[in-house]
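Colleague: I have just opened this one and need a short tour. Can we go through it together?

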Amino acid sequence: MRTLTQPVITVEMKEEILKNTPHKQVGIMGGTFNPPHLGHLVMAESVCSQLGLDKILFMPDAQPPHQNPKTTIAAKHRVAMVERAIDGNAHFDLERAEIDRGGVSYTYDTMVTLKQKHPDTDFYFIVGADMVKDLPNWHRIDDLLKLVQFVGVKRPEFPAESRFPVLWVDAPLLDISSSLIRQRIAQGCSVRYLVPDAVLDYIEEEGLYREKH
Ligand code: ATP
Ligand code: MG
């Protein structure tokens with residue numbers, strides 16, 4: 001029987017091949033999504049179309065580094081709501097990297113893993129202006145800046161500026177936040193039209209956010 005010898009591909013050859021392969025352009029919408037709302041969807045859609053990205057990955061965190069864990073509901077509910085929110089948009093997908101890893105979700109760790117898994121992809125990390133303001137406090141921010149291009153989206157009451165190289169994209173200003181939605185539900189007020197109908201159905205079926213925190 002003839003044995004086939006494997007061609008040897010060196011690291012240099014791999015790098016050369018990668019350099020000449022057209023890179024996929026992928027946006028990442030990281031967040032707690034507690035719950036996802038129209039603000040998230042409008043910003044993702046605006047960035048996707050204005051930058052001509054191939055995909056936007058919605059990536060719920062396991063444990064956000066910057067939020068009170070007491071008010072964050074179980075990951076399975078947040079994932080289920082994101083799935084319902086993005087359903088029907090061919091450009092939107094769910095990214096489970098942080099949920100599956102568990103623990104505190106540092107974006108730097110996640111992006112190292114995603115870059116290793118997808119060396120042929122350029123990542124755009126989408127953040128609202130409140131998060132841009134907080135960038136100096138992010139874990140290993142200088143290293144993270146080498147892995148992703150940050151994309152900033154204006155948000156009411158936050159300045160659209162940074163000393164970091166943020167690419168600002170225009171999107172309609174929407175004064176909607178997950179905190180506002182949680183608060184309104186706890187007060188018995190309607191959140192219809194602030195979240196997609198399918199998310200509202202899920203919140204009602206599961207009886208989420210009825211108790212005040
Ligand atoms: P919370 O009120 O609980 O902090 P949130 O509405 O800020 O919730 P997150 O899941 O924390 O939602 O946010 C995910 C990302 O979306 C962050 O980068 C945040 O800045 C951005 N974002 C959320 N809502 C808006 C909005 N209305 N306009 C612009 N950016 C937004
Ligand atoms: Mg927030």
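Colleague: Let me start with one residue. Is Arg96 buried, partly exposed or exposed?

Modeller: Arg96 is partly exposed, because its relative accessible area is 36%. Buried means under 20% relative accessible area, exposed means over 50%, and partly exposed is in between, with a 1.4 Å probe and protein chains only. This is a predicted model, where local features need pLDDT of at least 70, side-chain atom pairs count only at pLDDT 80 or more, and totals for chains, interfaces and linings use all residues. Residues are numbered from 1 along each chain as its sequence is written, chains are lettered from A and ligands numbered from 1 in the order in which they are written, and side-chain values use heavy atoms, with hydrogens and water left out.

Colleague: Where is Arg96 in the chain?

Modeller: Arg96 sits in the loop between strand 3 and helix 4 (97-101). Helices (H or I, at least four residues) and strands (E, at least two) are DSSP runs, numbered from the N terminus. From Arg96 to Ile126 is 30 residues in sequence and 17 Å in space, C-alpha to C-alpha.

Colleague: How many bridges does strand 2 make with strand 1 and strand 3?

Modeller: Strand 1 (residues 24-31) is joined to strand 2 by 6 bridges, and the two run parallel. One of the partners there is Pro60 in strand 2, for Gly31. Strand 2 (residues 55-60) also pairs with strand 3 in the parallel sense, over 3 bridges, and Ile56 has Phe92 of strand 3 as its bridge partner.

Colleague: How much of strand 2 is buried?

Modeller: Strand 2 is mostly covered, with 5 of its 6 residues buried. The axes are lines fitted to C-alpha atoms, for helices over the stretch in contact (heavy atoms within 4.5 Å).

Colleague: Now the aromatics. How many aromatic pairs are there?

Modeller: The structure has 5 aromatic pairs. Rings of Phe, Tyr and Trp (its six-membered ring) pair if their centres lie within 6.5 Å; planes under 30 degrees apart count as stacked, over 60 as edge-to-face and the rest as tilted. Phe58 and Phe92 make a tilted pair, 4.9 Å centre to centre with 55 degrees between the planes. This pair links distant parts of the chain, with Phe58 in strand 2 and Phe92 in strand 3, 34 residues apart. Both Phe58 and Phe92 are buried.

Colleague: Why is the pair of Trp138 and Phe150 edge-to-face?

Modeller: The ring centres of Trp138 and Phe150 are 5.6 Å apart and the planes are at 75 degrees, so the pair is edge-to-face. Trp138 counts as buried at 15% relative accessibility, and Phe150 is buried with a relative accessible area of 1%.

Colleague: Which residues have the most contacts inside the largest nonpolar core?

Modeller: They are Met29, Ile56, Phe58, Met81 and Ile126, in a core of 35 residues. A nonpolar core is a set of buried Ala, Val, Leu, Ile, Met, Phe, Trp, Tyr and Cys residues joined through side-chain atoms within 4.5 Å. Another core lies apart from that one and has 20 residues, among them Val26, Leu57, Tyr108 and Phe125.

Colleague: What does Met29 touch?

Modeller: Not counting residues up to four places away in sequence, Met29 touches His40, Met43, Ala44, Ile56, Leu57, Phe58, Met59 and Ile126.

Colleague: Which residues of helix 2 are buried?

Modeller: In helix 2, Gly39, His40, Leu41, Met43, Ala44, Ser46, Val47 and Cys48 are buried. After helix 2 comes Gly52, with a positive phi near 60 degrees.

Colleague: Last one. Is Ala129 buried or exposed?

Modeller: Ala129, in helix 6, counts as buried at 0% relative accessibility. Leaving aside neighbours within four places in sequence, Ala129 is in contact with Val153, Lys154, Arg155, Phe158, Pro159 and Trp168.

Methods:
Two strands pair if DSSP finds at least two bridges between them.
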